[in-house]
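Student: I would like to learn how to read the packing in a protein model. Could we go through a case?

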Amino acid sequence: MQSVIDGCEQRMKKCVLSLSNEYQQLRTGRASASLFERLKVEYYGAETPLSQISSISVPEARTVVIQPWDKTVLSAIEKAIQKSELGLNPNNDGKLIRVNFPPLTQERRKELAKSAKSSSENAKVAVRNVRRDAMEELKKLQKSSEITEDQQKDGENKIQKLTDKYIDEINKLSESKEKEIMEI
């Protein structure tokens, strides 16, 4: 029974971690190096993560500086940023690339907040699905007489407490991200 509960908790943690990672990729009007983590650049015929071919720094609140170790890849990085869904215009000065983040409009902030809320709802559904799977597993164990009915009820209570805990974490993450997005 404990293995079911432990497995359930691990899967719920992954749901929250996944939401947290998704939120890091969400542009909020502030410069963030994490926005470029998933960006792949054509480098000697292979799609290479930007972080493996350059250093990415945030010298100012609304500017990201990308300095490749190999200057020949500057134009490829510039093209990758322009093609990405970030909606940013890179400035190439021959040595490094500067990406300026324009302030977000109120309408765009509302769209981002809506997107963040949708992501949090998806994470809550995932946590509830984990709970459902764990509850079914406990029922199977009880039917096959591996655990007693009391142990099943106890396990269900523990799983419900875990569910409540992780749903609460998701709510806190969501509120925090929404507040960050709506800041002017």
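Tutor: Tyr44, with a relative accessible area of 69%, is exposed. This is a predicted model, in which local features need pLDDT of at least 70 and side-chain atom pairs count only at pLDDT 80 or more, while totals for chains, interfaces and linings use all residues. Residues are numbered from 1 along each chain as its sequence is written, and side-chain values use heavy atoms, without hydrogens and water.

Student: How are two packed helices described?

Tutor: By the angle between their axes and the distance between the axes. Axes are lines fitted to C-alpha atoms, for helices over the stretch in contact, and angles run from 0 to 180 degrees between N-to-C directions. Helices (H or I, at least four residues) and strands (E, at least two) are DSSP runs, numbered from the N terminus. Here the axes of α1 and α5 come within 10 Å and cross at roughly 10°. That is why α1 is roughly parallel to α5; angles under 35 degrees count as roughly parallel, over 145 as roughly antiparallel, 65 to 115 as roughly perpendicular and the rest as oblique.

Student: Which residues does Met12 touch, not counting residues up to four places away in sequence?

Tutor: Contact means heavy atoms within 4.5 Å. On that basis Met12 touches Val127, Val130, Arg131, Ile159, Leu162, Thr163 and Tyr166.

How values were computed: Buried < 20%, exposed > 50% of the residue type's maximum accessible area, 1.4 Å probe, protein only.
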